[in-house]
Amino acid sequence: MLDDELGALGSLAYGLRERLRRDADHARAGSFAAATGLFNGGLDLGAALTQLSEAWNTQSRTLVDACGHISNHLDFTQAQHAKDDGKVATEVSTSRITEYYR
């Protein structure tokens, strides 16, 4: 059950990462176009919007990376649990078998 839950959470984190990446990039393109238009029109607001856009890009990339790390960690944890379960099952089986040879 734990593996299923970890897998589901990992999938959710990956899906969130992909949606944030796509949506943040959409916002980046629109903000840059608006900032360029305002700046080229001689408005100081264009420079301010450029700074805001750069801050948005930095923060959104950080959030996208964090979601990726969470997804990767959950995938690793799920795989490690499976290995541990297999090792425990093998060791228990082996110890039970050696009891019959004594």
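Is Asp23 buried, partly exposed or exposed, and what is its relative accessible area? Asp23 is partly exposed, at 35% relative accessible area; buried means under 20%, exposed over 50%, and partly exposed in between, with a 1.4 Å probe and protein chains only.

Before I go on, a word on the basis of these values. This is a predicted model, in which local features need pLDDT of at least 70, side-chain atom pairs count only at pLDDT 80 or more, and totals for chains, interfaces and linings use all residues. Residues are numbered from 1 along each chain as its sequence is written, and side-chain values use heavy atoms, with hydrogens and water left out.

The protein chain has 2 helices and 0 strands; these are DSSP runs numbered from the N terminus, helices being H or I of at least four residues and strands E of at least two. Of its 102 residues, 17% are buried. Contact means heavy atoms within 4.5 Å. Among contacts between residues at least 6 apart in sequence, 71% join residues at least 24 apart.

I turn now to the salt bridges. The structure holds 5 of them, each defined as a side-chain nitrogen of Lys or Arg within 4 Å of a carboxyl oxygen of Asp or Glu. Asp23 pairs in this way with Arg19, at 3.3 Å from N to O. Because they are 4 residues apart in helix H1, Arg19 and Asp23 are separated by about one helical turn. Arg19 itself is exposed, at 53% relative accessibility.

Salt bridges that share partners also join Arg17, Glu18 and Arg21 into one network. Arg17 and Glu18 bring their closest N and O atoms to 2.2 Å, while Glu18 and Arg21 meet at 2.8 Å. Glu18 and Arg21 are 3 residues apart in helix H1, and therefore about one helical turn separates them. Glu18 is buried, with a relative accessible area of 18%, whereas Arg17 is partly exposed at 24% and Arg21 is partly exposed at 42%.

Finally, how do the helices meet? Ser71 lies in helix H2, residues 45–100, and is buried at 4% relative accessible area. Leaving aside residues up to four places away in sequence, Ser71 touches Gly10, Ala13 and Tyr14. Its side chain reaches the backbone oxygen of Gly10 at 3.3 Å. Glu5, in helix H1, residues 2–40, is partly exposed at 42%. Glu5 and Leu74 are 69 residues apart in sequence, yet their C-alpha atoms are 9.7 Å apart in space.

Notes. A polar contact is a pair of N or O atoms within 3.5 Å; within protein, one must be able to donate a hydrogen and the other to accept it, and residues adjacent in sequence count only if both atoms are side-chain atoms.
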